[in-house]
Amino acid sequence: MTDARIFFLPRGVRMRWDGVRGRQVLLGPERALLLDEIGHAVMAEVDGESSVAVIAGRLSRKFEAPVEVIQPDVAEFLDGLLAKRLLEVRP
Amino acid sequence: MNTPHRRVAAPPPIAMLAELTHRCPLACAYCSNPLQLLGAQAELDTETWARVFREAADLGILQIHLSGGEPAARRDLEQLMAAASGAGLYTNLITSGIGLTRARLEALVAAGMDHVQLSLQGVTAAIADHVGGYKGGFDRKMAIAAEIDDLGIPLTLNAVMHRTNISDLPATIDMALRMNARRIEVACVQFQGWALKNRAALQPTREQVDTAKRVVAEATERLRGRLVIDFVPPDYYADYPKACMGGWGSTGLNVAPDGRVLPCHAAEIIPHLTFPNVRDTGLAEIWRDSHAFNAFRGTDWLPDACRGCERVNQDFGGCRCQAMALAGDPFAMDPVCRHSPHRAKVDALLAEDVSDDWTYRRMAPARP
C-alpha cells in the first residue's frame, strides 16, 4: 500500500537550525519542537511535492532499511504533526 | 551589590513574553498585568527592545510573544516586530485587535509577524463589551478578525473563560472555526492580581467547569486536524497544583514594560524578590545568575512533603505566586494541593458568596 498524501508546512510553521542547542527545531504557533536526527531527516524531505511513499522510499535508501518498515513510521510521525496542525496535507 | 545566593544550572529559555506596554483600551477585570500599572513614560524605547530581542535570540530563546497591555498601543509596534523577526525569533502578537487596522496588519506581516493570538472576551457584543469595559470593542474585534483571516495570518483565538461566559464555550469554539483559527486556547481565569481581586465575580462553579471539560473533550475529538484545542482549567477545583511555568526559571521569562525581567508575569507579588532590569544587566546574566531566577529554581528548596512526593517532577510544588497570595509564604506548598496545610483557605474561598460586581482594571493616578 502506497501512501500518496503530500504534506507541506503551512504558513506560520518553519524549521530552522538552533545554534544554541545544536539542534534543528520546528517552530509553530505556541510550539517549539526540538527535532532529533530522524525527525529532521523526515522533515527535510517534506517539500510540498513528494508523497509519503516517495519520502519513505528515499529514506529507505538513505538509511538502508526496508521501505515497508520505514513508511509506517514516517506516516505516524507526519500524522502526529498534522494533528497539531504543524503540517497540512495538500488537497 | 550582589549578595551571595544559591545558583542552579538551567537550560536556555524557550520563550519570552515581552510586555511592551501596560496601556490598553480594554479594562478586563482579570487582566494579567500587575495591580500597579506603568504609564507610557516608564516604557523601554524602540532601540532598547531591539537590543533585548537580539540578546534573547543569543540566549537560545526561540519564540517571542509581543504582548501588553495592548501592544498596538505602541506606535513603534511595526519596528519592534521587524527587530524581533530580524533577530531570528518566531514572533507572536498577543492582541485584543483594538488599535489594529488592515494597513497595520499588512505592515506587521511585512515586518515578519508569524502568528496572531487574538483575545476574546465573549461571543456577543453585550457580554464582550461588558467584560472588556469598552463599548464597541466586540464589533471592532470582529472586523479585525475578518482582516486577519483575509490576509491568511495564522491565528489562535484566546478565549478567557469565567463565570459570566464559560457557558458559551460551544459558541466560542464555533467562533474559532468561523474565524479559520488553527488553535483555540480555552483559558480559565487564573487567580492572580486583578483576577484574585475580582475572584468572587469570576469564579466559575464546579458544574460549569465539569461541563466545560466535557465540551472540550468532545470538540477535541470532533475537530482533530482542524482545530487544536488547549484547555487551561481553573486550578482551585483540582486536587493537585498546576506545573506553573513548567517550573520556576526553567523555560521562559517575562520582560515588563519598564525593562524589569520576571520569571512570570505575577512574580511582583513576592516581596523578597528584586527584579533585574535589561537597562543595566544582560539577559543571559539575568537568566543564569540573578537571585530572582534562582530563588525557586529546581526542587531542593521545597518543603519536605513536596520533595518526597511522587508528583514533584510533574508540578514542581505548584505556583509560587499562589503560595504567596493565599498562604502568605512563597516557599509554601501551593495551597491548591490536597496535601497542603493551607488547602482549607482555597476551600473557604470557594465557599464564599459570589459577587455580581467586579473592579475594572484601571491605571492608578500617576505617582509623583
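## A strand and its partners in chain B

In β6(B), E185(B) is the bridge partner of N158(B). This model is predicted.

How does the chain get from β5(B) to β6(B)? It passes through helix α6 of chain B, residues 169-178. This β-α-β crossover is right-handed.

β6(B) also pairs with strand β7 of chain B, residues 228-232. That pairing is parallel too, and it runs over five bridges. Within it, F231(B) of β7(B) stands opposite V186(B).

## Buried on both faces

Is β6(B) buried or exposed? Strand β6(B) covers residues 183-188, and six of the six are buried. Buried here means under 20% relative accessible area. So the strand is largely enclosed by the rest of the structure.

Look at the two faces in turn. One side carries R183(B), E185(B) and A187(B). The other carries I184(B), V186(B) and C188(B). Both faces are covered. E185(B), the partner of N158(B), and V186(B), which stands opposite F231(B), are on opposite sides of the strand.

## Two helices that cross in chain B

Helix α4 of chain B spans residues 125-132, and helix α5 of chain B spans residues 137-150. They pack with their axes 8 Å apart, at an angle of about 110°. That angle makes α4(B) roughly perpendicular to α5(B).

Which residues meet where these helices pack? From α4(B) come A125(B), A128(B) and D129(B). From α5(B) come G137(B), F138(B) and D139(B). The contact has three nonpolar residues, one polar residue and two charged residues.

## An open sheet in chain A

Now turn to chain A. Three strands form an open sheet there, in the order β2-β3-β4. The pairing is antiparallel. Which strands stand at the edges? They are β2 (14-18) and β4 (31-35) of chain A. Each has a single partner strand, so one side of each is left without a neighbour in the sheet. On average, neighbouring strands of this sheet are turned by 30° against each other, direction ignored.

β2(A) is joined by five bridges to strand β3 of chain A, residues 23-28. These two strands run antiparallel. Across this pair, R23(A) in β3(A) stands opposite D18(A).

Methods:
Residues are numbered from 1 along each chain as its sequence is written. Chains are lettered from A and ligands numbered from 1 in the order in which they are written. This is a predicted model: local features need pLDDT of at least 70, side-chain atom pairs count only at pLDDT 80 or more; totals for chains, interfaces and linings use all residues. Side-chain values use heavy atoms; hydrogens and water are left out. Buried means under 20% relative accessible area, exposed over 50%, partly exposed in between (1.4 Å probe, protein chains only). Helices (H or I, at least four residues) and strands (E, at least two) are DSSP runs, numbered from the N terminus. Two strands pair if DSSP finds at least two bridges between them. A crossover is right-handed if, with the strands pointing away from the viewer, the path from the first strand over the helix to the second runs clockwise. Axes are lines fitted to C-alpha atoms, for helices over the stretch in contact, and angles run from 0 to 180 degrees between N-to-C directions. Angles under 35 degrees count as roughly parallel, over 145 as roughly antiparallel, 65 to 115 as roughly perpendicular and the rest as oblique. Contact means heavy atoms within 4.5 Å. Ala, Val, Leu, Ile, Met, Phe, Trp, Tyr, Cys and Pro count as nonpolar, Asp, Glu, Lys and Arg as charged, and the others, Gly among them, as polar.
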